[in-house]
Amino acid sequence: MKKIALITGATSGIGMATARKAANLGYKIIITGRRMERLVALKQELEKKAITVQIMYFDVRNREATHEAWNELPSDWKMIDVLVNNAGLAAGNDPIQDGDWTDWEQMIDTNIKGLLTMSQLVIPGMIERKSGHIINVSSIAGSDVYANGNVYCATKHAVHALTKGMRIDLLPHNIKVSSISPGMVETEFSIVRYHGDKQKADNVYKGLTPLYAEDVADAIEFMITRPAHVNVNDMLLMPTRQASAVYNFRD
Ligand code: NDP
Ligand code: 8X3
C-alpha cells in the first residue's frame, strides 16, 4: 500500500518543494493552504505524474475550519504516514517596543497553535497504527535570536520545545518526531515578513546565495527515507554564506 504524506503550507516555498519530493518518492499526497488556485495547480501537476492528491483548504489559525477539512477527508486518507508541519510565517521585523499585535498573533496562531491543531488531528491514527513520522519545520530562529526577530524567534523556539516534547510523549507509540531548522531560504517568506515590500525582501538575499526550497526538501527527503530504527532529531541547514542567524558573508 502506498504511504501518505500530509504537507501543510504546500502552496509555496518549502511546502510545495516537499510535496513534489514526496510525490517523487511515491507517496500519496495531501496538500494544504489558503490559496485554492495554487492547490489545484499543484494537484493537477502531480496527477500528470500519476500521483494521487487530496486538497485540504483551510486557514490553520482557524481550529474549527481545520477540523472540518480533516473531517471531510475520506477515512483511508486519514492514515497519515508522514506529517510535515510546515505552514508558517514571520510577520514584521520590529523591535519589541514597536511590535504589532496583529503580526504577533498571526505568528503565534500559525506557527505554534496551527502546528498543535494539525498534530492533534493526525497523532491518534499514528498511535493506533504504531507508526508515523512528524516533521516540524523550525528554523535557525528556533535556537538563535536576532535583533527584531523577537516573537518570530519565540515561535520557532516553541517549535523546538514542542518537537522535543512530542518525541518524548510519542516514544512508546513508535512515532518518529523530527525538526528541520533552515537558515535563509529564498521563498515568499521575506515578502510575507515585509508585508509585500519586494525591495526589502530582495535585500535579504542580496550578495549571497541563500538556500532554495528544494534544498530543504532534499533534507526532508533524507529524514523520511531513513530506516525504521533511525530518527533524525533535528537538522540545522544553512547556506554556505551564513554562519549563524546574524553572521552572513555578502559580496
Ligand atoms: P512561504 O511564504 O513561501 O510559504 C509559507 C506556506 O505557509 C504557504 O504555503 C502558506 O500558504 C502557508 N501558510 C501560512 N500561513 C498559513 C495559514 N494561516 N493557514 C494555512 N497555511 C498557511 O515560506 P517558506 O516556504 O519559506 O516557509 C515555510 C516554513 O519554513 C515556515 O514555517 C517558515 O517559518 C519556515 N522557515 C523558512 C525559512 C526561510 O528563510 N524562508 C527559514 C527557516 C524556516 P497560504 O498562504 O496559501 O495559506
Ligand atoms: C527564517 C530564517 O533567519 O529569518 O526562519 O529567522 S530567519
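On a 1 Å grid over the protein atoms alone, a pocket is an open set of points where a 1.4 Å probe fits, with protein on both sides within 12 Å along at least five of seven lines, and lining residues have an atom within 4 Å of a point. A volume is the space filled by probe spheres set on the points, which are joined across faces, edges and corners.

The model is predicted: local features need pLDDT of at least 70, side-chain atom pairs count only at pLDDT 80 or more, and totals for chains, interfaces and linings use all residues. Residues are numbered from 1 along each chain as its sequence is written, chains are lettered from A and ligands numbered from 1 in the order in which they are written, and side-chain values use heavy atoms, with hydrogens and water left out.

**Exercise 1.** Describe the second largest pocket and its lining.

*Step 1.* Start with the volume, about 390 Å³.

*Step 2.* Now look at the lining: it has 19 residues, and Gly132, His133, Asn174, Lys176 and Ala228 lie nearest the centre. Two or more residues each come from β5 (132-137), β6 (175-182) and α8 (213-224). Helices (H or I, at least four residues) and strands (E, at least two) are DSSP runs, numbered from the N terminus. The largest share, three residues, is from β6.

*Step 3.* Sort this lining by class: nine residues are nonpolar, five polar and five charged. Here Ala, Val, Leu, Ile, Met, Phe, Trp, Tyr, Cys and Pro count as nonpolar, Asp, Glu, Lys and Arg as charged, and the others, Gly among them, as polar.

**Exercise 2.** Find where ligand 2 sits, and which residues are around it.

*Step 1.* Ligand 2 sits in the largest pocket (more than half of its atoms lie within 2 Å of the pocket's grid points).

*Step 2.* Around ligand 2, with a heavy atom within 4 Å, are Ser139, Ile140, Ala141, Tyr146, Tyr152, Phe189 and Arg193.
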